[in-house]
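Open the model in your viewer and colour it by chain. We will go from the whole assembly down to one pair of helices.

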Number of protein chains: 2
Amino acid sequence: MRTPEEFKKTGVDVKIKTSVEAINPDQGSVHLSDGSVLPYDILVMATGADAIRLDIPGADIEGVFVLRDLTQALRLKSYVIEKSCRKAVIVGAGYIGLEMCEAFRNLGIETQVLDILPRPALRWDPEFAKLMVEELERNQVAFLPSTKPLAIEKGKDFALKLITDKGDLDADIILMGLGTKRNTKLAESIGVQMGESGAIKVDFFQRTSRDEVYAVGDCCEVFHRVIGKWVYYPLGDIANKQGRTAGQNIGGAVAKFAGIVGAQSFKLFNLEVAATGLTEEEAEKYGFQPVSAILWGLPVGRPMSRGEKLGLKLVADKPTGRLLGAQAVGEMGAVSRINSLSIALWSGLTLEEIGYLDLAYAPVFGGAWDAIHIAAQGLMRKLT
Amino acid sequence: MRTPEEFKKTGVDVKIKTSVEAINPDQGSVHLSDGSVLPYDILVMATGADAIRLDIPGADIEGVFVLRDLTQALRLKSYVIEKSCRKAVIVGAGYIGLEMCEAFRNLGIETQVLDILPRPALRWDPEFAKLMVEELERNQVAFLPSTKPLAIEKGKDFALKLITDKGDLDADIILMGLGTKRNTKLAESIGVQMGESGAIKVDFFQRTSRDEVYAVGDCCEVFHRVIGKWVYYPLGDIANKQGRTAGQNIGGAVAKFAGIVGAQSFKLFNLEVAATGLTEEEAEKYGFQPVSAILWGLPVGRPMSRGEKLGLKLVADKPTGRLLGAQAVGEMGAVSRINSLSIALWSGLTLEEIGYLDLAYAPVFGGAWDAIHIAAQGLMRKLT
């Protein structure tokens, strides 16, 4: 990362540790916490989102963390080392919670992760969630399903105690991985319009409802190509694309960001976990008639297989045969299949096309009929 | 593989070690080498292709092999063991030749590979071929460029001697990996039409010019979606797709095989090598105006990188910006990028779209801007 001094050399004045107190859109000026006033012709809203902190007693005592930005990460890391943490409890089994299991285990910390829901990583099929729980257990992480945190107290043998409806849990550190809430207050304060999702409404050029205001990243919406609607999808790669799009348009070029299909992935110890497009629930919500099937296949050709499994679930629209979404889990090859299927989604391909896609076959990298082909051909049988 | 007896139980009569002597298309009968005559309503030509054996003196003496089918592979394997081969020379640095380097080295056999051309794997850019030569050398395989085999003789210290225009090479075994020649004689004998490539002409349903004759696999052509023409592309996964397509149509369903984009891959020791679509030379030949660029990027996100390199070359059409082809080489991530780009080719995507494709981002699997994005955005600058 460049320092403010390095930015200054390129003609960009970066103010850190400074917040915006108010915006005066009629004057075109931003009023900062250091008392200064910055005039603007163009304003970019990149206010992001904050990590959600559970609203229970004791949620703000020392040793309770959220994890959203680098500062928070560094603070957490220092705390773990300074306090010689032996036990961690993670509240919320989404991306952040699950990824942090590995980080804690690598430091030798006894780790438990709980969720109010009966399974981790809700976007994935229960069959795949089962694999994730097994992977957690294989790495000595206990998953506590359907567990509701009620309060956090100071502990005796350990620094903290998390009170839940299923009993008390000791911990030296508690991490809340409960998703994000968008920061839209500043935008709202100058009358920028919000979308249906509650995040800032933008167009394909990242312009908001105010001509002179752009928005990018986790504070604004993005166009979802599979459903043809604007949604809230706070992911880092999307924010990058929005930032570049806004920058090009502000700089005088014409750049259109054509949207997303919902591709995402994370690593859980030795498991690749990836998904794209819609789940069945989402598909129904948006008026499709989803059919789905899970294939348990191989990530490589049969002669090269050392027993690695690849679970691939496809969701398609029954009347049209169009792919709507995919999920994959496995020690290898899950992300690469989801990337391929993301491009199929981008292009609106049908199961019939996907069943015969031309992929770079060699037994060491996949079968002559890849898991993608077999899954698509299998699901086609449910279309009729 | 099932035995003829097992096939018989399913109602299929498989005759092995039996060749077709003649076909009588008027009677609808096939005359076999065992003297029997088989009547037919539908005839499927799956005559494949043979490995090319160099036409030089001594090309057929013991210890000189080609490698096309399982029988040949088993024969080669027995020979290597029985004769305790110490030295191998491979003639031809294409797929088969390069893949066999690894097989020979794994058996501790000193291996040299030569080609009449100045570099191996001609489909790939010279920069990538250089990486392949380095990978060969790292594994104690010598590559001899621009070397013309002239004759094979019996040797003294070793079983064989290959005479070339650059000197003599000792060997216990010589393998010729020089590509294939299609077996179309039978089809020609009954007046089935050949395509421009010289292989059997088929349509999207695998029908030949004769109503009752289908053709599949390495004896027939396939539709190339990028150029919109029928070409000869003898690869195993394509043969599988053609076989299934023909089978479905013969069985009464309607199945159309929409064609290929030229996806292919092989592994060279620790290097993934993959390509799809057209090379610049092919693009020019088919009337495009190719521009291309090589990106040296990372297969994973920067914070996760352990120094693995990924070379990605894109070829696009200057006036339209459409992707025409891609090549990739690297210790990891090359095949997955080529698979993604194969689907982009399938769908006719432009560089502008590819530069912003939605891929399943996590630092452990790639950057927020993946090598695919960076390569596409880089090449876009050559369009104007």
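By what turn and what shift along the axis can chain A be laid on chain B? A turn of 180° with a shift of 0.0 Å does it, at an RMSD of 0.0 Å; the superposition is by least squares on the C-alpha atoms of residues with pLDDT of at least 70 in both copies. The two copies are therefore related as by a two-fold rotation axis. To find that axis, select A:S340: in chain A, its C-alpha is the nearest, 2.3 Å away.

A word on the model and its labels. This is a predicted model, in which local features need pLDDT of at least 70 and side-chain atom pairs count only at pLDDT 80 or more, while totals for chains, interfaces and linings use all residues. Residues are numbered from 1 along each chain as its sequence is written, and chains are lettered from A and ligands numbered from 1 in the order in which they are written.

Next, colour chain A by domain: domain 1 (1-40), domain 2 (64-180), domain 3 (199-254) and domain 4 (264-380), with bounds from an automatic or database domain assignment. The centres of domains 2 and 3 of chain A, taken over C-alpha atoms, are 33 Å apart.

Now select the interface. Here 39 residues of chain A are in contact with 39 residues of chain B (C-beta atoms, placed from the backbone, within 7 Å). On the chain A side, helix 6 (236-250), strand 18 (264-268), strand 19 (271-277) and helix 8 (334-346) each supply at least two residues. Helices (H or I, at least four residues) and strands (E, at least two) are DSSP runs, numbered from the N terminus. Helix 8 of chain A gives the largest share, nine residues.

Finally, zoom in on helix 8 of chain A and helix 8 of chain B. Their axes, lines fitted to C-alpha atoms over the stretch in contact, come within 8 Å and cross at roughly 15°. The two helices are therefore roughly parallel (angles under 35 degrees). Show A:S336, A:N339, A:S340, A:I343 and A:A344 with B:S336, B:N339, B:S340, B:I343 and B:A344: these make the contact.

Methods. Contact = placed C-beta atoms within 7 Å. Axes fitted to C-alpha atoms, helices over the stretch in contact; angles between N-to-C directions. Parallel < 35°, antiparallel > 145°, perpendicular 65-115°, else oblique.
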